[in-house]
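I opened the model to look up the metal sites. My notes follow the structure.

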Amino acid sequence: MKKPSIETITVKYLVNFLLVLAVILLIVTAFNFRALSKSSTENQAMAYAELVRAGLTAHMKAGVMDKRDYYMDEIKQLRQIKKLRVIRSDEVIKQFGAGRDDEQGADAFTKQVFESRQPLFDSQEWRFQPVIRAIIPYIASSKGSLNCLGCHKVAEGVVLGVVDIELDVTEDRNHSLYVLVGMIMLSLLFMVLIALNTMRTIHTHVRVPLETLIDHTREAYQKHIPVSLDQFKTEEFVNVANEINLFNADIIAHQDLLKDKNRELAALNSEIEHTLRETVYTMGVIEEQRSKETHNHTKRVTLYSQLLAEKMGLPKDDVDLVTAASPLHDIGKLGIPDEVLLKPGRFTDEEHQVMQNHTRIGFTMLNHSSRDLLKMAGLIALQHHEKWDGSGYPQGLEGEEIHIFGRIVALADVFDALYSERIYKEAWHIDKVVSWINEQRGMHFDPALVDIFLENIDAFVAINDSYPSDLST
Ligand SMILES: [Fe+2]
Ligand SMILES: [Fe+2]
């Protein structure tokens with residue numbers, strides 16, 4: 001699963017934080033705004049009540065109380081006032097009578113104000129058309145310019161009546177809501193701007209230098225050059241690039257050391273391999289010397305085998321293996337008694353059987369090894385006298401039952417025996433050799449190998465010429 005980027009995580013946390021902050025600020029602001037708005041409306045209601053009280057007092061003093069309806073009606077026309085009435089106290093009713101119909105009939109709220117002598121406000125702000133009802137006491141006082149006691153025969157501080165006023169606050173409520181929505185929009189805009197600015201900052205100062213650092217680190221590692229510090233504008237990236245350079249230098253030094261060690265190991269391995277092949281070849285030469293075999297026989301059989309394997313298209317490893325293993329094809333002769341091995345003239349049947357046993361002896365000498373080279377040399381030693389038609393020895397294998405290396409060395413060995421001079425015979429003429437080997441196609445030899453031999457007679461002759469059998473040495 002793809003992991004989120006630094007930008008995504010930072011912006012996500014930032015937006016979450018700003019959202020919570022904005023919600024808290026908006027809630028606090030909304031409550032304060034509501035309290036301010038309520039207080040303002042209550043003050044307005046108080047002002048209207050004062051106006052009513054002052055007007056009525058003025059009417060009374062002027063002795064035109066019968067004209068107060070006109071005044072009250074005019075006041076009611078003022079903006080926001082939905083209802084307005086003045087309720088008389090029992091003291092006033094006693095002195096001046098019940099007055100107009102709407103000046104009587106105190107409900108629970110007005111009674112509460114008569115008793116408490118404190119203004120009372122009832123807000124119904126959640127209605128579609130919100131209203132606030134203000135009930136304000138009209139208290140008799142001799143203080144100030146409006147001396148009530150000049151007209152009213154009551155004690156100081158008696159509640160003469162209450163002004164019951166209901167104001168429509170729809171406009172105030174709507175105005176508050178508009179301001180609140182405006183603040184929300186402004187907050188959202190502010191959050192978007194902060195988020196965009198943060199993304200831009202992270203992109204410029206984190207993402208871009210980070211990608212540059214990754215690219216240059218890769219290049220530095222591949223080309224063995226340090227990461228340039230000048231391209232980074234922040235201290236942190238310069239420090240990281242510096243650390244990478246130190247780390248890279250360390251790795252490169254270790255790599256060079258490892259390469260040197262590997263070269264040493266490869267050289268050592270090659271030396272061991274070479275020594276082993278030389279040793280194997282020398283064992284073949286030792287056998288050649290003891291058997292009084294024709295000089296260079298081992299060398300030539302090795303080269304013929306290599307030639308046949310290559311021309312047959314065997315993999316390089318197999319070509320190398322048969323080339324390295326073929327010198328030991330007659331190693332078993334080391335186990336044949338001198339009187340048989342070195343006997344001049346013809347063998348008796350019994351001697352012939354002893355001689356043939358060099359195949360099994362060679363196999364036994366080499367097969368115990370866990371090395372491919374010696375194990376394969378053992379197999380070649382065992383099978384190099386087998387014949388394609390099954391008439392060979394020691395097992396009488398036929399066709400592809402004989403390992404391809406056995407078939408190759410069989411042809412190489414016989415070719416060398418025929419084409420080189422021996423103590424008991426002259427070297428055959430090449431035409432005779434070719435003719436005889438061709439006759440043995442599918443009998444003694446693998447037909448495919450005979451075909452390869454026939455196509456490469458010149459190369460076989462060239463090898464023979466390069467490593468002649470010098471009977472005098
Ligand atoms: Fe042999
Ligand atoms: Fe041989």
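Entry 1. I began with Asp330, which is buried at a relative accessible area of 2% (buried means under 20%, exposed over 50%, partly exposed in between, with a 1.4 Å probe and protein chains only). The model is predicted: local features need pLDDT of at least 70, side-chain atom pairs count only at pLDDT 80 or more, and totals for chains, interfaces and linings use all residues. Residues are numbered from 1 along each chain as its sequence is written, ligands are numbered from 1 in the order in which they are written, and side-chain values use heavy atoms, with hydrogens and water left out.

Entry 2. I looked up the iron ion (ligand 2) and found His297 (NE2), His329 (NE2), Asp330 (OD) and Asp413 (OD) coordinating it at 2.3 to 2.5 Å. Donors are N, O and S atoms within 2.8 Å of the metal (3.2 Å for Na, K and Ca); water is not among the atoms, so sites may look incomplete. Asp330 also bridges to the iron ion (ligand 1), 4.6 Å from the iron ion (ligand 2). I noted that Asp330, in the loop between helix H8 (316–325) and helix H9 (338–341), and Asp413, in helix H13, are 83 residues apart (helices, H or I, are DSSP runs of at least four residues, numbered from the N terminus). Asp413 is buried too, at 9% relative accessibility.

Entry 3. Which residues coordinate the iron ion (ligand 1)? I listed Asp330 (OD), His358 (NE2), His384 (NE2) and His385 (NE2), at 2.0 to 2.4 Å. Their spacing along the chain is D-x27-H-x25-H-H. His358 is buried at 2% relative accessibility, and His384 is buried at 2%.

Conventions
Helix = DSSP H or I, 4+ residues; strand = E, 2+ residues; numbered from the N terminus.
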